[in-house]
Amino acid sequence: MRNLIPAFLAALSLAGCVSVPQGTPVNVTPAMRASIEQGTRQALKDPMSAMFGTIRAARFPDGRLFVCGYVNAKNSFGGYVGEKPFTGYLYPGGHFQFTSLASSEGEMMGARYVCQQAGIPI
C-alpha cells in the first residue's frame, strides 16, 4: 500500500500537467487502427514485436481524434514488458502522432486518468 501512494501522487501530478478536453467517443475503423499501430510502432525499440490490445478514440471539435490504447512490445533486453497504455492524436487524413507510452505504475495511472478525462475509459 505504501508503494501505491507515491505512484498515485505521481499520476496526479502528471495528469495535472496535461489538459485534455472531453471528446465524443468514436468507433476505431480498421484503417484508423492501422495508422495508429504504424505510428506507435515507430516509437518502439522493437517495432515488429508490438502486439496491440484495446484501442479507443474520441473526436475533438477541431477534427482530431485523441487515441488511447494498449501495446505489449519487447524492451532492450528482448523481453516483453506487458501491456502498457499509450496515447496519441489521429489527424484528418490518417496521420497518427504518438505522444506517450507509460512505463511505470505512476505513468500508467496518469495515462488512464488522462484518457478517462478525454472520455475514453481504458
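How many disulfides does the count come to? I looked, and the count comes to 1 disulfide (a pair of cysteine sulfur atoms within 2.5 Å).

A note on my source: this is a predicted model, where local features need pLDDT of at least 70, side-chain atom pairs count only at pLDDT 80 or more, and totals for chains, interfaces and linings use all residues. Residues are numbered from 1 along each chain as its sequence is written, and side-chain values use heavy atoms, with hydrogens and water left out.

**Entry: the disulfide.** I found Cys68 joined to Cys115, with S to S at 2.0 Å. The torsion about their S-S bond is about -105 degrees, so I noted the disulfide as left-handed. Cys68 lies in strand S3 and Cys115 in helix H3 (residues 105-117), so the pair ties together parts that are 47 residues apart in sequence. Helices (H or I, at least four residues) and strands (E, at least two) are DSSP runs, numbered from the N terminus. Both Cys68 and Cys115 are buried (under 20% relative accessible area; exposed is over 50%, partly exposed in between, with a 1.4 Å probe and protein chains only).

**Entry: the rings.** Next I looked up aromatic pairs, and the count is 4. Rings of Phe, Tyr and Trp (its six-membered ring) pair if their centres lie within 6.5 Å; planes under 30 degrees apart are stacked, over 60 edge-to-face, the rest tilted. Phe66 and Tyr89 make a tilted pair, 5.2 Å centre to centre with 55 degrees between the planes. Phe66 sits in strand S3 (residues 65-72) and Tyr89 in strand S4 (residues 84-90), so this pair ties together parts 23 residues apart in sequence. Ring pairs link Phe60, Phe66, Tyr89 and Tyr91 into a cluster.
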